[in-house]
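Let's take a friendly tour of a protein model, looking at its rings, its charges and one of its sheets. Keep the viewer open as you read.

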Amino acid sequence: MNRPAILFLNVLVIATCGLIYELLAGTVASYLLGDSITQFSLVIGLYLSALGAGAWLSRYLHNNLSKRFIEIELAVALIGGCSAPILFLGFAHTGWFNVILYSVVFAVGVLVGLEIPLLLRILKGELEFRDLVSKVLTFDYLGAVLASLLFPLVLVPRLGLVRTSLVFGLCNAAVGLWATFLLGPLIKGSLKGLRFRAILVSVLLAAALLKADWLTTLAEDNLYADEVIYAKSTPYQRIVVTRAKAGFNLFLNGHLQFSSADEYRYHEALAHIPLLTHGAPKRVLVLGGGDGLALREILKNPSVEAVTLVDLDPDMTALSTRFPPLAKLNENSFKDPRVQIVNADAMKWLEPCGTGRPAGSFSPAGLPVVAPDSATNPQSATRNPQSYDVAIIDFPDPNSFSLGKLYTTRFYRLLRQRLTPDATVSIQCTSPLFARKSYWCIIRTMEAAGFFVKPYQVAVPSFGVWGFALARQTPFDAPAHVPYALHFLNDESLPSLFTFSADTAPVPVEVNRLDNQVLVRYYESEWRRWE
């Protein structure tokens with residue numbers, strides 16, 4: 001048996017598993033705490049320092065190194081494999097999530113940091129030093145590349161976070177069990193106890209894998225006040241629907257997006273105010289809004305001939321087909337022949353080359369999809385992009401830098417290029433009461449991008465006072481008449497929407513730009529007071 005060659009494959013598995021645990025911790029922290037850049041920065045920094053601590057501690061291991069290597073591998077399997085369930089349950093059941101998070105990251109980092117030095121010492125008598133170091137480090141870095149590709153493209157969308165951690169824990173346990181045979185001649189004493197521990201860890205992880213749905217439900221049932229009736233992890237977010245007394249609620253990454261009991265107040269204000277301001281819109285652009293509720297309101301306007309909806313996540317735009325109560329709530333708006341769906345990053349789609357429709361492209365729901373095709377069809381980059389009479393922007397709140405970019409001057413300037421000269425825009429802008437600086441930052445950012453803006457707000461019981469922005473590229477008057485019957489909006493209510501109380505009035509703020517993302521910092525500091 002070629003022991004060095006097989007041990008190099010073990011290095012590949014070890015490196016892949018180690019980075020997967022790091023990515024898992026960063027992703028879970030981002031899901032639960034927001035601000036992905038901060039969470040990943042802290043997790044990566046702590047993990048790398050822990051690798052160094054583990055390498056330094058390896059100097060104190062002198063005897064029976066092969067046995068120590070296997071014991072460390074089994075410890076990585078147990079802690080790393082259970083990391084995602086531990087973090088979710090820790091967030092749901094304790095107030096010590098940060099302590100648990102950083103303890104798990106540091107422990108896994110130290111253990112992984114111990115493994116490579118021990119392998120080098122185990123193999124030092126079988127290869128020349130230069131060959132040994134080059135090969136071990138090569139397989140270590142290959143494992144990192146493999147993990148970085150598998151995690152976002154395969155593991156998260158297909159397995160989810162909990163199953164991914166358990167599967168890779170089993171991989172570590174398998175390496176440990178196999179090493180009892182591979183390194184058996186080098187181990188002093190009986191191997192029975194060591195193999196029993198390896199089998200026990202494998203059985204425990206396999207049992208947890210079989211109960212992965214139960215573990216996820218156990219955590220989520222305590223994260224949400226109501227019963228979870230639908231949940232799915234996508235490459236972009238965690239979608240959860242809960243059953244409430246008055247209907248159901250939709251959450252993305254733990255943040256409430258709407259309650260079916262009162263969402264009509266929010267979506268009527270978001271959609272009809274810009275439609276009425278324009279007067280006779282024919283082409284409407286929706287950015288975000290993958291639940292189809294703003295779409296439902298847009299289609300009530302008799303002048304609308306075509307709607308393009310751009311949402312990053314195909315699982316979100318397909319949710320209506322998988323969760324029938326949502327299809328009923330949005331009145332099957334995605335099936336309207338006037339609607340086209342684009343599953344793409346809104347900012348990239350707004351770029352001048354981000355247009356075109358590949359033939360025969362469909363969403364997971366079987367609906368036609370418009371998507372950027374400049375990569376496959378160079379002529380698309382030179383086409384004149386379609387212009388829109390109304391743009392309705394319904395993104396989640398800017399609680400991370402990936403979302404914050406969608407509220408920058410750069411984004412709004414790109415948006416202007418897709419609008420007709422007399423086009424009207426509406427944007428959801430978080431709460432002017434709970435996040436006052438955040439709200440007015442969005443308003444000032446739009447103004448800095450060249451829009452004339454009229455702020456307005458609506459009381460939505462599930463959210464409290466919620467803010468919006470109405471904008472055009474030239475001075476304008478707010479609408480004063482609703483020519484068709486709606487559930488909430490009428491002629492009497494319109495003027496009150498544009499009136500702000502003293503505690504929601506403008507405050508001095510900076511403009512949100514790509515290179516500063518000040519809005520995310522405002523948002524995190526303001527909403528943290530209410531958690």
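## A buried ring

Start with Phe395, which counts as buried because its relative accessibility is 7%; buried means under 20% relative accessible area, exposed over 50%, and partly exposed in between, with a 1.4 Å probe and protein chains only. Before going on, a quick note: this is a predicted model, where local features need pLDDT of at least 70, side-chain atom pairs count only at pLDDT 80 or more, and totals for chains, interfaces and linings use all residues. Residues are numbered from 1 along each chain as its sequence is written, and side-chain values use heavy atoms, with hydrogens and water left out.

## Rings that pair up

How many aromatic pairs are there? The count comes to 20. The rule is this: rings of Phe, Tyr and Trp (its six-membered ring) pair if their centres lie within 6.5 Å, and planes under 30 degrees apart are stacked, over 60 edge-to-face, and the rest tilted.

Take Phe395 and Tyr407: the ring centres are 6.5 Å apart and the planes stand at 70°, so this pair is edge-to-face. Phe395 sits in the loop between strand 8 (388–394) and helix 15 (401–404), while Tyr407, 12 residues away, is in the loop between helix 15 and helix 16 (409–416). (Helices are DSSP runs of H or I with at least four residues, strands are runs of E with at least two, and both are numbered from the N terminus.) Tyr407 is buried too, with a relative accessible area of 1%.

Phe411 and Tyr412 make another edge-to-face pair, at 5.8 Å centre to centre and 75° between the planes. Phe411 is buried at 0% relative accessibility, and Tyr412 is buried with a relative accessible area of 0%. Elsewhere, ring pairs link a cluster whose members include Tyr266, Trp466 and Trp527.

## Charges over rings

Arg195 lies over the face of Phe181, 3.9 Å from the ring centre. Likewise, Lys454 lies over the face of Phe476, at 5.4 Å from the ring centre. To count, NZ of Lys or CZ of Arg must be within 6 Å of the ring centre and within 35 degrees of the ring normal.

Four strands form an open, antiparallel sheet in the order 1-2-3-4; two strands pair if DSSP finds at least two bridges between them. Which strands stand at the edges? Strand 1 (227–233) and strand 4 (255–259) do, each with a single partner strand, so one side of each has no neighbour in the sheet.

Strand 1 pairs with strand 2 (residues 238–244) over six antiparallel bridges. Lys232, for instance, has Ile239 in strand 2 as its bridge partner.
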